[in-house]
Each structure stands twice: as structure tokens, then as C-alpha cells.
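Here is a brief report on the structure shown below. Keep the view open while reading.

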Protein chains: 2
Amino acid sequence: MRESEILQIIRARIPGTGDDAAILPFRNTHLVLTTDMLHRTSDFPEGTTPKTIGWRSVAVSLSDLAAMGARPLGVLLAFGDPSLDERCVMGVLEGATACCETAGTRLLGGDLDRHQELTLVSTAFGHVRNPVLRYGAQVGDLVCVTGELGRTQAALHCFATELAECANDLFCFPPRIAWGYQLAKVATSMIDISDGLARSLHLLAQASNVGFVVEASALPIHPSLLKHLTSDECLDAALFGGEDYELLYTISKERFRTELGTVIGRVINSGVSLHTAGGEIPLANRGWEHGT
Amino acid sequence: MRESEILQIIRARIPGTGDDAAILPFRNTHLVLTTDMLHRTSDFPEGTTPKTIGWRSVAVSLSDLAAMGARPLGVLLAFGDPSLDERCVMGVLEGATACCETAGTRLLGGDLDRHQELTLVSTAFGHVRNPVLRYGAQVGDLVCVTGELGRTQAALHCFATELAECANDLFCFPPRIAWGYQLAKVATSMIDISDGLARSLHLLAQASNVGFVVEASALPIHPSLLKHLTSDECLDAALFGGEDYELLYTISKERFRTELGTVIGRVINSGVSLHTAGGEIPLANRGWEHGT
């Protein structure tokens, strides 16, 4: 079966698993928890350094906390590797620790195991009084993103063309924790872009029971992507390329300020469409499917 | 490198990772968090059902919470599998959910991924005002265990002799959460027996800077083990066979009550030894090493 089909069945059985992270009311606040599994075959191209592997493994989980506007409390990391080579383990640890520090949190522990395939599972937990959910978008709200789109696609291009140093730099994306704090006070709905902008727009639209129209010319394309690809390729990568881990959110016009990111469109009654110079076209619900 | 060597280096770098779970002060209590990676080759013999795989994956993490006397708040489960066969995924989910219910907690979410080798990473988190640590044992205290020893060795024997139903039953051990609550109020030090009684005694002794003398005839041997092995083999399995996940703890004589488990020895100044009919012998610091 496809992961997405199985996930649908699981979500029907475990209440509350439709958002970026699990939410648990605790002592006048909410604990927020998320776990992510990454592994060699699907997540780390040839040329990825151990340090980058550690960084990225932690960053994907912290990104889920950012998407709910949560403050991180700590990270656990389980690491399986065929060799348990000291240099590799220490590199992973160094990257994981550095990413935690960037996000103002700490690596608190983990597990280590001999494993056929390099595998990392990071668990991040944090707290937030009022978590931002995937539903809550109101017709008339602005649709916005943090940072730039296409960073991971640019990294993959660099890995493929053996620009390993550049690729590793791009792959170590900063989790948008501080941005998440700010947005927690004002966003009406939020998600992190793990499976591409188009897929994330559809997920937000379904959860909020609204639609979106997005302006193609407004999309903030990552400069490294512009350097390597044509503008049509850039647009495709920004819309359908996955794992950018920027925040996609909706916000009322009155509350938006330019330091909160880039306005890319607005909330409408239904449908997800892209406005281009040639007119308005439906935006397909397709994107990046992990590990398939 | 061996896992134990790498873990020593990591522990030196990440403060506070010497105990069963990470501890984080939060809102007048402590959050307690732990993650465990299990996989096909080293943890699930031929004949293990998906339901047992799900149960056991969750139970090992809950056991770490029990060892600190914590009340569980929830569990996350990351599951990687080569086929993502629906029957297998649903079986794992059923087992994981059932184990959570046994411990009075819930499966809150997780991750799902296509993976070369069946791999499960469970993360359990809970809270406790005063966590029981591995240090704190006082000379003169009693040394005790919950339940019986050798359950997992009996299960492995059943798997090897194709008594699959019996093996699966034994493999689904109950995490000692309720026992952990009770002991949190009275135990002076505690650990769960994940790598065998002998190894766990040495870990407690090192952490508390004390020694232990254990009475061979006092060890509570699991009835299923007695059914299959000679008494010498039983003693060896109880001492050095791993993954029983009973709680090993120390407690003052005055506070011990028979419903808290079985007294197996007492705390002395130094050394870990076994008292048998033939006299007192040093107990080797050897045990079960996971995944090697």
C-alpha cells in the first residue's frame, strides 16, 4: 500500500493525528510532540555528511513544532547504523546538537543500535498555550510563507552535480521556530511545507474547508534554485518539490506585517488554484511522497 | 565499535543521559522522556506476530518510564517496513494500542515509512514529581525485583522450538507502570532490567557507588522458564538473559512490604556478588548487548 493510504486508515483510528504534531493538554498549557523517521535510501543522497544527517533529522521534527507555534523543550534521537563507525556517530551527534542550539533547545538523549540501513528517528517536544492548527483559515485571509521555496530542490540539484559542500549547506535548513512563536499569536491556520507547497495548500484547504488562489509571480524562489534552473523549472520545484520545511499560514489582512514573511495569495471559498500571466489554473494536489 | 563504547562517549557529551529516561523540570513537576529503537534482525525472532511487535515496541519504552516511577502521558511510534502490508501495519497498531491501554495511556501519533528492514522506534513520555534515579542506594537497603526473571528467555526458547503462540504471549510483557508508581514513593534507586539482572546490578552499583550481594535461591524464576530448562540453566538465564523489563530497586528494610516484589539481596559497601549453596562468588558484569 501507499503510505498516504495507510496513514488515512491510521488517522481514522487514532484521534487527533491529523495535524503536524500530537497535542496534549497539560498544566494550563499544551505539550506538543512529534516523531519523524529518516533513512539512507530515501532521505540522504550520496554525499550527505554525517553532520548534515544529524542536523536534518532533528530539523524536520523541530519544524513540526514550529508549525504549531510551539517552544521546543527538547529532542530525542534514535540512530541505527550498519557500522556504528565512531566518526559517523560523532558527526551525527554534532549536527543534531548544533541544530538544537539553533532552535534554542537541547538534545536530551536517545538510542543507538546496529542496523542494516542508516536510520534516524528524532522526536521533538515542546509547549504552547494556544497551538495553531491546520484548520482556522477564514475567507478573505492572506496566504503567506516564511523564507524561500525550493531550497531542498536546489540541494538535490547540487548533490546530483557533485557540488557536495553547497548541497550540504542547503540541506541544513533552519527550523522556523522563532517565526513560529511570532505566528502563534496571529496566524489563523498553519502547516510546515514537508510535501511541497501544492500538497500543503490542499491539506490546509481541506482542514479549514476553504480554497486558495495563489499568485505565481509572488512565490519567493530560493536564490540557489534560480541559479541552477530555468524559471519554469523553478516554479515547478517551488510548487511540487518537497521538504522545504518553510511555514505556510493564513492571517487576516489587518494583522499581517512584512517581517512575518511573503504574501503569496488569499483564502477563497473553495478550490486551490494558481494565478499566472496566462490566467487562473487549478493547482494539482500532487507533491512529494516520502520514501516511496 | 561496540554500542556500549559509543554510548559511553555520547554520555560524556550529553549531560543527564546516564539514566533510563531523560528528565526535564517543567511546571512544578518533571517530564520524563525516552526513545527505543527495535528491529527485525535483533529483536523479533521468526514467528513474532505484528501484534506482538507493536506491543513489545511500546512496552520497552513504557518500562523506562516505570523505572523512574513516572505516570505515562502518551506514546509516539515510528514504523518502517519493507512492504507496508496493511495486515502487518494494522497488527502493529493493534498491539501498540493494547499495550498503551494496559499502562493507562494512549498512542498519540507517529510516523510511517518504507524501510529495508522492519524497524520500530517508540517514544514514551510521562511525568513524575520526584523521579527515582539509578543512584541513591544506601548500604543496608534491601535489593528487590518486581515479577519474575527469565520471561524473555522462556519466550526465545518457545520461538526456537516453534511454540509460537506461547512465545508471543510471553513476549508481550506488561510494563511495570503501576508498580513504578508505588515504588516512586519508597525506592532509593531503580532501573529496569533491560540487559539482564547481572548487568543491571552493576549499573546500579556504579551509579550509587555501593555493592550488592544477591541470594541465588531467592531469585524469582519465571514458571515458563522452569518448565523448559534445568535449574542451572534457569539461574544463568535469570542472571544474564536480557530484556526481562522487570524493575530492580533498592529500598530500606522499614519500608519494604511483600506486595512490592521479591527481596533478592542487600546493599553492601562494594562489589557485586552472588551467594549460593557453595559460597559467595563475584557476579560478572556481563549481559545482553542489544543488536550485536
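The report covers the interface first, then the sheets and helices of each chain.

## Basis

This is a predicted model.

## Size of the interface

An interface is often sized by the accessible area lost when its parts come together. Here, about 5,200 Å² is buried between chain B and chain A. Carbon and sulfur atoms give 67% of that area. Three residues of chain B lead: Arg27(B), Met37(B) and Arg114(B) supply 12% of the area that chain B buries against chain A, more than any other three residues.

The contact takes in 57 residues from chain A and 58 residues from chain B.

## Polar links and composition

How many salt bridges are there between chain B and chain A? The count is zero. Polar contacts do occur: 14 residue pairs, both partners at pLDDT 80 or more, are in polar contact between chain B and chain A.

Several elements of chain B each supply at least two residues to the side that touches chain A. The helices are α1 (3-13), α2 (40-43) and α4 (86-102). The strands are β1 (22-26), β2 (29-39), β3 (71-81), β4 (107-114) and β5 (119-128). By class, this side of chain B has 26 nonpolar, 19 polar and 13 charged residues.

## Chain A: sheet and helices

Chain A has an open sheet of five strands, in the order β1-β2-β5-β3-β4, with mixed pairing. Its edge strands, β1 (22-26) and β4 (107-114), each pair on one side only. On average, neighbouring strands of this sheet are turned by 15° against each other, direction ignored.

Inside the sheet of chain A, β3 (residues 71-81) and β5 (residues 119-128) run antiparallel, joined by nine bridges. Gly74(A) stands opposite Phe125(A) in β5(A). Two helices are placed against these strands. Helix α3 (residues 50-66) of chain A lies across β2 (29-39), β3 and β5, running at about 35° to β5(A). Helix α4 (residues 86-102) of chain A packs on the sheet and touches β3, β4 and β5. The direction of α4 in chain A makes about 165° with that of β3(A).

## Chain B: sheet and helix

In chain B, five strands form an open sheet with mixed pairing, ordered β1-β2-β5-β3-β4. The edge strands of chain B are β1 and β4, each pairing on one side only. Neighbouring strands of this sheet are turned by 15° against each other on average, direction ignored.

At one edge, β1(B) pairs with β2(B) in the antiparallel sense over five bridges. Ile23(B) has Val32(B) in β2(B) as its bridge partner. Helix α4(B) packs on the sheet, touching β3, β4 and β5 of chain B. The direction of α4(B) makes about 165° with that of β3(B).

Note on methods:
Residues numbered from 1 in each chain as written. Chains lettered and ligands numbered in written order. Predicted model: local features only at pLDDT ≥ 70, side-chain atom pairs only at ≥ 80, totals over all residues. Heavy atoms only, no water. Contact = heavy atoms within 4.5 Å. Buried area = accessible area lost by both parts, 1.4 Å probe. Salt bridge = Lys/Arg side-chain N within 4 Å of Asp/Glu carboxyl O. Polar contact = N/O pair within 3.5 Å; in protein donor to acceptor, adjacent residues only side chain to side chain. Helix = DSSP H or I, 4+ residues; strand = E, 2+ residues; numbered from the N terminus. Nonpolar A, V, L, I, M, F, W, Y, C, P; charged D, E, K, R; others polar. Pairing = 2+ DSSP bridges. Axes fitted to C-alpha atoms, helices over the stretch in contact; angles between N-to-C directions.
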